[in-house]
Amino acid sequence: MSTDDANTEKWSRTDGYLERTVLPDAAELTPIRDAQAEGGLPDIAVSATQGKLLYLLTTIAGASRVLEIGTLGGYSTAWLARGVGPEGSVTTLEFSPEHAAVARASLDEAGLGDRVRIEVGPALDTLPFVTGPFGLVFIDADKANNRQYLDWALRLSEPGTVIVLDNVVRRLDEEGPDADGTRAALERLGTDPRLDATALQTVGIKGWDGLAIAVVR
Ligand SMILES: C[S@@+](CC[C@H](N)C(=O)[O-])C[C@H]1O[C@@H](n2cnc3c(N)ncnc32)[C@H](O)[C@@H]1O
């Protein structure tokens, strides 16, 4: 076994232990992951520990309105919907009608559907019709547009809004539009006076990656 494979196996095993030990509330959302797999959606949702982090950031921010860019099958959406509570709302933007349909069915089945609005289409086309402000924005779609998504997140924010960008590490040293988009967003996080940010490397069941977290001043 290569060192990389051994690391991935160890990180996955540890994530499993952490999920079983610290996150008893993750099990109820496992059917959403199962429906994604059964629907043939790619296995690119956040992990349970990352989903719980999104939930915690939503509650710590006191966010009752959340915007997500990149729904997939609704797994991270479900954690965010838990975070806003029964009176809150999540608006989530998804390019693929097939992904959106799987997400809609799963979120309804989980009893969270009435607090989630799914807008289908390229996010840069649907964002102009979204009304802010949001207490938390989670950016997790096509990475090439990360810089534009960050612009939109700021436009739809107010002081105290939390902005989270996923997958900011894995392809950082690559060439191409996805890495360019992520690097442009990270540079903006470090230079925009309205933003106070950090970026963390992470390991786990998803391998080696990272996320950036910012708060709007
Ligand atoms: C990494 S997945 C999202 C995972 C999800 N946030 C989770 O953790 O459960 C990225 C999603 O963004 C969607 N996507 C890609 N390009 C998009 C675009 N231009 N506008 C909106 N959604 C897009 C993909 O179809 C895919 O479902």
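1. Terms for the second largest pocket. Helices (H or I, at least four residues) and strands (E, at least two) are DSSP runs, numbered from the N terminus. On a 1 Å grid over the protein atoms alone, a pocket is an open set of points with protein on both sides within 12 Å along at least five of seven lines, whereas a cavity is a set of points where a 1.4 Å probe fits but cannot get out; lining residues have an atom within 4 Å of a point. Helix α1 makes the largest contribution to the lining of the second largest pocket, namely 3 residues.

2. Basis of the note. The model is predicted, so that local features need pLDDT of at least 70 and side-chain atom pairs count only at pLDDT 80 or more, while totals for chains, interfaces and linings use all residues. Residues are numbered from 1 along each chain as its sequence is written, and side-chain values use heavy atoms, with hydrogens and water left out.

3. The second largest pocket. This pocket holds about 230 Å³ of space, where a volume is the space filled by probe spheres set on grid points that are joined across faces, edges and corners. It is lined by 13 residues, and those closest to its centre are E19, R33, S47, A48 and I205. Two or more lining residues come from each of α1 (3-22), α2 (30-38) and α3. By class, the lining has 4 nonpolar, 4 polar and 5 charged residues; here Ala, Val, Leu, Ile, Met, Phe, Trp, Tyr, Cys and Pro count as nonpolar, Asp, Glu, Lys and Arg as charged, and the others, Gly among them, as polar.

4. The largest pocket. About 560 Å³ of space is found in the largest pocket. Its lining comprises 29 residues, of which I44, D140, A141, D142 and K143 are the closest to the centre. At least two lining residues are supplied by each of α4, β2 (89-94) and α6. The lining divides into 12 nonpolar, 8 polar and 9 charged residues.

5. The largest cavity. The count of cavities of 30 Å³ or more is 2. The largest has a volume of about 90 Å³. Its lining consists of K143, N167, V168, V169, R170, R171, L172, D178, A179, T182 and D209. Helix α8 (residues 177-191) gives the most to this lining, with 3 residues. The composition is 4 nonpolar, 2 polar and 5 charged residues.

6. The second largest cavity. Its space is about 50 Å³. V46, Q50, L53, L54, F138, D166 and L211 form the lining, and the largest share, 3 residues, is from helix α3 (residues 48-61). Here the classes are 5 nonpolar, 1 polar and 1 charged.

7. Backbone points to inspect. G132 and P133 are joined by a cis peptide bond with omega of about -5°, and P133 is located in the loop between α6 (123-126) and β4 (136-139). L72 belongs to the loop between β1 (65-69) and α4 (75-84), and is buried (under 20% relative accessible area, with exposed over 50% and partly exposed in between, for a 1.4 Å probe and protein chains only), its value being 10%. N167 lies in the loop between β5 (162-166) and α8 and is likewise buried, at 18% relative accessibility. N167 is also one of the residues lining the largest cavity.

8. Helix packing. Helix α7 (residues 146-155) packs with α8 at an angle of about 40°, their axes being 7 Å apart; axes are lines fitted to C-alpha atoms, for helices over the stretch in contact, and angles run from 0 to 180 degrees between N-to-C directions. In the contact (heavy atoms within 4.5 Å), N146, R147, L150, D151 and L154 of α7 meet G181, T182, A184, A185, R188 and L189 of α8. The classes in this contact are 5 nonpolar, 3 polar and 3 charged residues.

9. The sheet. Seven strands form an open sheet of mixed pairing, in the order β3-β2-β1-β4-β5-β7-β6; two strands pair if DSSP finds at least two bridges between them. Because β3 (116-120) and β6 (195-204) stand at the edges with a single partner strand each, one side of each is left without a neighbour in the sheet. Neighbouring strands are turned by 15° against each other on average, direction ignored. β1 and β2 pair in the parallel sense over 5 bridges, and E68 has T92 in β2 as its bridge partner. Helix α8 lies across β5, β6 and β7 (207-216), running at about 135° to β6.
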